[in-house]
Amino acid sequence: MQLIRVQSAEGIKRIEISPKSNLKQLYDSVQNALKVDGFGLFKERSFLTELQASGSQLVGTSLKHGDLVYLKQMAGTSSRRTSTTVLDSQMFKTSEKASNSNPNSARPSINVVEDEVDQVLSKADGTIKRERDSKLCHHNANGRCVHCSALEPYNEAYLKEQNIKHLSFHSYIRKQTSGMDQGKYFVFDDINCRIKPGCREHPPWPKGICSKCQPSAITLNRQTYRHVDNVMFENTKIVERFLNYWRTTGHQRMGYLYGTYEQHTDVPLGIRAKVAAIYEPPQESTRDSINIQPDEGADDVDAVANALGLKKIGWIFTDLITEDASAGTVKQIRGIESHFITAQECITAGELQNRHPNPCKYASNGVFGSKFVTICVTGDKTKQVHMEGYAVSAQCMALVRDKCLIPTKDAPELGYVRESTDKQYVPDVFYKEKDQYGNEVQRLARPLPVEYLLVDVPASTPLQPQYTFTEYDKRQPFPIENRYIDGHLQDFNALSCYLSAWGEEEFLEAISDFHLLVYLYKMDMLPLRQHMGPLLEAVRTKNPNQAAKFKIEEVWKLLESLIQASSGGSGGTTSYPSGGAAASAGASGVEAMDLDANTWTCNHCTFINRGELTSCEICSLPR
């Protein structure tokens with residue numbers, strides 16, 4: 001083997017190649033090792049004599065063992081790269097075409113499909129319109145001056161006047177791309193806290209490290225922008241149903257927020273997360289803790305939400321302790337004198353945000369930050385229940401992703417950056433604060449106040465309630481999942497009682513419940529999931545005719561027959577007679593479903609079995 005040294009802007013790289021290989025294979029090896037394209041190799045530092053990528057000229061005849069060649073990045077792709085695959089060529093052409101169509105954007109390394117709200121805001125004008133001032137403007141109605149001309153969305157004076165604490169993400173992008181170069185070289189680089197793998201200049205860590213593979217030290221800065229500017233719950237009943245568990249048991253509770261992202265007009269180029277439902281995963285909770293259990297049905301919940309036009313947009317948890325039950329007051333646990341969010345909650349938020357990254361065309365790897373929000377329900381200064389919204393910064397997401405940040409044992413408001421070990425190298429992390437004399441000093445983040453990692457996100461409900469799902473009045477709603485207490489269980493009896501409360505013409509309203517739809521989708525007794533597409537579409541579009549068509553399908557008729565058999569004569573959105581009439585009605589319903597009289601109903605799970613079976617086909621209990 002022959003050793004060839006290649007010098008580029010990144011340093012010197014050693015390439016091992018056979019002397020019998022041709023120069024075209026040398027170009028392939030250099031491209032794979034340095035991850036570059038569109039380059040040339042030269043013998044001199046002045047780039048005079050170029051090594052042509054010839055398939056007939058051998059490396060051994062052109063270069064000697066240990067020779068140093070110089071890599072020069074060309075303006076475009078070279079014709080010598082004939083070995084590039086068709087797929088890579090198509091990806092490069094697609095990226096180049098996107099860059100030419102929008103010269104103001106940085107070209108990402110991959111094709112990025114941004115969220116719909118991001119696509120709308122990227123095309124929006126975004127400027128802040130101002131009316132003509134009768135005192136300061138001395139021009140006609142069609143003129144403009146410094147007192148009435150439109151402002152940029154990142155104008156500091158306007159944001160301060162409107163009490164807007166953070167820039168919206170798209171305003172921040174507009175600010176970064178407003179210079180002379182129009183953002184030609186602007187890009188969000190991924191923050192890396194790990195050693196770059198594959199360095200051959202030295203033995204692997206902990207036996208060696210160099211400046212090429214060593215991650216840079218990080219200085220934490222308070223993030224000036226946020227990806228989501230407001231969290232809006234469609235109505236107060238969403239939160240009230242969530243809080244009913246705490247009111248019943250005194251235990252804390254956690255749930256995932258499902259909803260949509262839309263434009264927030266109160267903030268220039270702002271984004272609002274609109275919450276339509278809260279899903280509560282399996283969990284064990286006490287008065288002081290929440291332990292989230294593995295959720296085997298998480299994919300089913302996401303499938304139902306996607307069919308309804310929703311997505312997982314955040315998480316919510318309670319931290320409530322009753323002070324006076326008769327007055328309905330709670331203790332104020334969190335505040336400026338204690339903490340707003342604990343280090344463990346901050347790490348959990350960072351982990352969840354890493355699972356739900358934000359697609360961004362200005363990011364070097366196609367994603368940057370996250371729109372995933374955190375809502376804490378706790379007591380305020382007036383000892384009333386209120387909501388506080390947060391998100392963690394991109395720097396915090398990187399520290400959590402690379403397992404550099406851990407909580408402290410006895411101070412919930414402080415995190416701690418790990419120290420380097422034989423298994424993991426951790427870069428130095430600093431933050432700046434003012435000392436007792438007012439001077440700004442730099443501190444090592446051991447420990448670290450978590451407020452350097454947080455961004456505030458206001459949470460509220462609208463003056464006029466909105467309802468994606470059913471607006472319950474006097475009817476009892478369908479129970480919420482994973483609540484193992486009396487009166488909150490999701491079972492077939494609860495399904496029967498719930499549907500019995502609705503009339504024939506109210507089928508769409510009855511079925512428009514997120515928790516009910518998830519229960520039906522996950523039902524094992526009757527496999528409904530492959531038939532629920534038209535029903536979910538009817539709920540999404542609020543189409544009663546489409547819902548009525550689903551109601552007369554065979555699979556729903558079978559479910560109604562099971563409900564009738566289990567309830568002894570009443571159940572479902574279809575009204576059934578009771579007593580002996582119920583038996584005859586039930587027999588006709590079963591006959592309509594091509595079920596003969598030679599069947600029997602399991603007393604445990606209510607499944608209708610074939611007559612020749614001696615035990616239930618579903619639960620295996622004897623007849």
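An open sheet of three strands, ordered E7-E21-E22, shows mixed pairing. Strands (E, at least two residues) and helices (H or I, at least four) are DSSP runs, numbered from the N terminus, and two strands pair if DSSP finds at least two bridges between them. The model is predicted: local features need pLDDT of at least 70 and side-chain atom pairs count only at pLDDT 80 or more, whereas totals for chains, interfaces and linings use all residues. Residues are numbered from 1 along each chain as its sequence is written, and side-chain values use heavy atoms, with hydrogens and water left out.

Strand E7 (218-220) and strand E22 (440-444) form the edges of the sheet, each pairing on one side only. From one strand to the next, the twist averages 35°. Angles run from 0 to 180 degrees between N-to-C directions, and axes are lines fitted to C-alpha atoms, for helices over the stretch in contact. Strand E21 (residues 429-434) pairs with E22 in the antiparallel sense, over five bridges. Tyr431 has Arg443 of E22 as its bridge partner. Helix H10 packs on this sheet and touches E7 and E21; its direction makes about 130° with that of E7. Contact means heavy atoms within 4.5 Å.

H10 (residues 394-401) also packs against helix H9 (residues 343-355), at an angle of about 90° and with the axes 9 Å apart. H9 is therefore roughly perpendicular to H10. Angles of 65 to 115 degrees count as roughly perpendicular, under 35 as roughly parallel, over 145 as roughly antiparallel and the rest as oblique. H9 contributes Cys346, Ile347, Gly350, Glu351, Gln353 and Asn354, while H10 contributes Cys396, Met397, Val400 and Arg401. By class, five nonpolar, three polar and two charged residues make the contact. Ala, Val, Leu, Ile, Met, Phe, Trp, Tyr, Cys and Pro count as nonpolar; Asp, Glu, Lys and Arg count as charged; the others, Gly among them, count as polar.

Strand E10 (residues 254-264) is mostly covered, with eight of its eleven residues buried. Buried means under 20% relative accessible area, exposed over 50% and partly exposed in between (1.4 Å probe, protein chains only). E10 pairs antiparallel with strand E14 (residues 311-319) over six bridges. Here Tyr258 stands opposite Lys312. E10 also runs antiparallel to strand E11 (residues 270-279), joined by nine bridges. Gln263 stands opposite Ile271 in E11. Five residues lie between the strands of the E10 and E11 hairpin, where Leu269 takes a positive phi near 55°.

Most residues other than glycine have a negative phi, and most peptide bonds are trans. Lys383, not a glycine, has a positive phi of about 65°. Lys383 lies in the loop between strand E17 (373-379) and strand E18 (385-392) and is partly exposed because its relative accessibility is 35%. Lys403 likewise has a positive phi, of about 55°. This residue sits in the loop between H10 and strand E19 (405-407). Lys403 counts as exposed, at 56% relative accessibility.

Two cis peptide bonds are also described. One runs from Trp205 to Pro206, with omega near 15°; Pro206 lies in the loop between helix H6 (169-176) and E7. Another joins Arg446 and Pro447, with omega about 5°. Pro447 is placed in the loop between E22 and strand E23 (448-449).

Overall, the protein has 17 helices and 27 strands. Of its 623 residues, 45% count as buried.
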